[in-house]
Each structure stands twice: as structure tokens, then as C-alpha cells.
Amino acid sequence: MIDQNQFGIVILAIFILNGLLLIWVIDQMSRLRQGHKQPEQPAAPDPAIIDKQQLAETMQQKAEAEVAAITAKMAENLGSFNSQLEAVLLNQATTTLKAQLTQTGQTVVDFNNALKVTVASMTATLMEASKAAQSQLEAGVVEQERLLIGQFEKNLASVINNYLITALGHDSVTTEQTAQVIRQLEANKDELRKDLLHEK
Amino acid sequence: MKNKLPLSIVTPADVTDCLSDLSQYQKSVQNNHLVHKVGGATKPAVTELSQPAIDLLGVGEKLPTNEDIIQAMDYLAALHKQPLVLHLTVVAELPLKGQVAIAEWFRDSCHPEALLSFSVNSQIGGGIKVRTPYHLHDYSYASQLEANKKDLIKELARV
């Protein structure tokens with residue numbers, strides 16, 4: 001595949017060749033014209049000179065015809081060359097454009113794939129972080145719940161005791177206190193008697 | 001005559017007071033004898049004794065003899081020297097009648113010479129704590145709630 005620099009060089013060479021060809025053509029035509037312009041002869045023409053003039057005219061005509069034919073052929077060739085050049089250029093441009101489009105498309109596909117990979121990676125990372133945070137949060141909630149329940153269980157008896165004291169008041173307790181105490185002592189009579197008599 | 005600890009003597013302080021009272025009474029009697037010997041006519045009255053001393057001596061119509069007083073003092077001194085004191089903690093201050101009732105129960109059921117010392121702690125909720133020289137018996141509501149906390153939690157969980 002020809003890159004842009006090489007393509008530019010080819011175009012430049014073609015233009016130079018065209019220029020040289022054109023210069024050569026103009027030079028040939030100029031020479032023929034100079035050959036055609038002869039210094040004016042005296043009034044009495046010599047038959048030999050006349051023949052020469054006719055010959056020259058004939059030659060000139062032939063040369064002009066030849067030059068015209070060459071010119072026409074070169075023009076034709078130039079036109080054909082231009083058409084070919086245009087076709088080559090168009091083809092080259094099309095190929096280059098296609099290649100660039102293909103390359104661009106591939107780049108887009110690659111970028112898209114890379115983006116997908118990045119997004120997938122980020123999503124995975126975020127999911128992992130989310131799971132970790134959720135696990136941590138759940139563990140924290142469980143721990144907090146455990147602490148609260150533990151604290152509640154630890155203080156439950158005290159809370160209820162204080163509640164009973166507050167709710168019932170001392171009056172209701174003291175009214176029946178002696179009887180309650182004696183009932184409790186009676187319920188634990190054996191234990192107390194064993195303690196006092198055995199040890200004492 | 002064998003002395004029996006009366007219910008009017010409940011605390012160790014009662015023992016000390018009674019002992020002091022009997023000692024004063026004995027001195028009073030001795031002084032009275034001296035006065036009588038030197039011609040005086042005054043006799044000490046039984047009413048000068050405190051009720052615990054009267055209960056201890058078992059005084060009726062008859063005045064206690066010097067031997068009775070000495071015996072009672074020896075009994076109290078021995079009790080004072082090696083007392084069996086039970087420290088009781090209750091939720092509110094007990095009236096004297098209640099203290100006597102509890103002392104009676106201990107002397108009838110456990111030991112005839114048990115002395116009681118009372119203290120108040122509203123945090124026990126109710127019931128009683130008994131601290132003997134050897135063990136602590138906790139029959140308070142607070143400890144019973146604590147001991148049955150699992151059942152309480154089960155009940156709460158059921159609710």
C-alpha cells in the first residue's frame with residue numbers, strides 16, 4: 001500500500017513529465033516555424049528555389065501535420081492518462097478511505113470492547129464493594145443487636161425490680177413486709193437452721 | 001435458774017444496754033444495802049429496771065436476788081462476748097413489732113440465742129437477705145428475678 005508521501009511524489013513526477021513534454025512540443029513547433037520563416041528573396045524566383053520552396057512548404061505541411069497528429073495523439077494520451085490517473089487517484093483514495101474507515105471502525109470496536117471491559121471491571125468492583133459494605137453493615141447490625149439484647153438481658157431483672165418498686169411503692173411492700181419475710185424464712189427454714197446449728 | 005433470752009432483746013445493742021442496766025441496778029442494790037446497814041430505809045424499786053432486764057430476770061411479785069442479777073449478767077456477758085448475730089437486709093424499715101416477730105421465728109426455728117441486726121436497702125425489691133457468720137442467704141426479689149431471668153426472657157420472647 002502506498003502512503004500519502006509516496007502518492008504525492010508520484011503526482012509531482014507526473015506533473016513534471018507533463019511539463020517537460022509540453023515544453024518539448026512547444027520547442028518543436030517553434031523550430032518548425034523558424035524553419036518556415038525564410039528571408040525574403042529577390043523578385044526573380046529561381047525554379048530551383050521554387051522547387052525548394054514547394055518542398056519546404058510540403059515538408060512544413062507534413063511536419064505540421066505530423067506535429068498535429070503527435071499533439072493530438074499526446075493530447076489523447078494525456079486525456080487517457082488523466083482518466084487513468086483520476087481512476088488511480090480515486091481508487092487510491094477509496095482504498096485509503098476504506099482502510100481508514102476500517103481502521104477507525106476497528107478502533108471504535110476496540111474502544112468499545114475496552115470500555116465494556118472497564119465497565120464490567122468497575123461494575124464488578126462496585127458490586128464487590130457493595131457486598132463488602134453490606135456484609136459489614138449486617139455484621140454491625142447483628143453486633144449492635146447482640147449488644148442491646150445482652151445489655152437488656154443483663155439489666156432486665158434490675159429494670160423490673162426498679163419498676164416494681166416505683167410502680168408499687170414502699171407502702172404496699174412494708175404493709176405486708178413482716179409476713180412476707182417470715183414466709184420466705186419459713187420456706188428456707190431447713191437451710192437456715194442447718195447453717196446456724198451445724199456451724200455454731 | 002436458767003436464763004432465756006427474751007424477745008425484748010433483739011439486737012446486740014439491746015444486750016449491751018441490758019447488761020449496763022443490770023450493772024447499774026446491781027450497784028443500786030449494793031448501795032441500798034449499805035444505806036440500810038447504816039440506818040436508811042430506802043429500797044430500790046423493781047421499776048427502775050428496763051423491760052428487757054425485767055423480762056430476762058423473770059421478775060414477778062418477787063424482787064430478784066443478787067444471785068439472779070449476777071447470773072443474768074454472766075449470761076449476757078457470755079452472749080456479748082460470743083454473740084450469734086444475723087444481719088438482715090430488708091426493703092424498708094421494719095416496725096419494732098415486726099423485728100420482734102422475726103426474732104421470735106429465728107429463736108424458735110433455728111437458734112434460741114440469735115441476735116438480729118437490721119439494715120434497709122430498697123434495691124432488693126422485697127424479701128430478705130440473711131447474712132450469718134458463715135453464709136449469705138439471699139431471698140430478695142432482686143436475686144430471685146436475676147435467678148429466673150432466663151424464664152423471664154422466654155416469657156418476653158413469647159410475647
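Visitor: Which residue does B:His87 stand opposite in S3(B)?
Guide: This is a predicted model. S1 of chain B covers residues 84-90, and S3 of chain B covers residues 127-131. The two strands pair in the antiparallel sense over four bridges. In S3(B), the residue opposite B:His87 is B:Arg131.

Visitor: In which order do the four strands of the open sheet in chain B stand?
Guide: Pairing in a sheet runs through backbone hydrogen bonds, either parallel or antiparallel. In this open sheet of chain B the pairing is mixed. The order of the strands is S2-S1-S3-S4.

Visitor: Why is one side of S2 and of S4 in chain B left without a neighbour in the sheet?
Guide: Strand S2 spans 114-120 and strand S4 spans 136-140 in chain B. Both stand at the edges, so one side of each has no neighbour in the sheet. The reason is that each has a single partner strand.

Visitor: Which helix of chain A packs on this sheet, and what angle does its direction make with that of S3(B)?
Guide: Neighbouring strands of the sheet are turned by 20° against each other on average, direction ignored. The helix, residues 177-187 of chain A, touches S1, S3 and S4 of chain B.

Visitor: Which element gives the largest share of the side of chain A that touches chain B?
Guide: The contact takes 27 residues from chain A and 30 residues from chain B. On the chain A side, H2 (47-175), H3 and H4 (189-199) each supply at least two residues. The largest share, 10 residues, comes from H2(A).

How values were computed
Residues numbered from 1 in each chain as written. Chains lettered and ligands numbered in written order. Predicted model: local features only at pLDDT ≥ 70, side-chain atom pairs only at ≥ 80, totals over all residues. Pairing = 2+ DSSP bridges. Axes fitted to C-alpha atoms, helices over the stretch in contact; angles between N-to-C directions. Contact = placed C-beta atoms within 7 Å.
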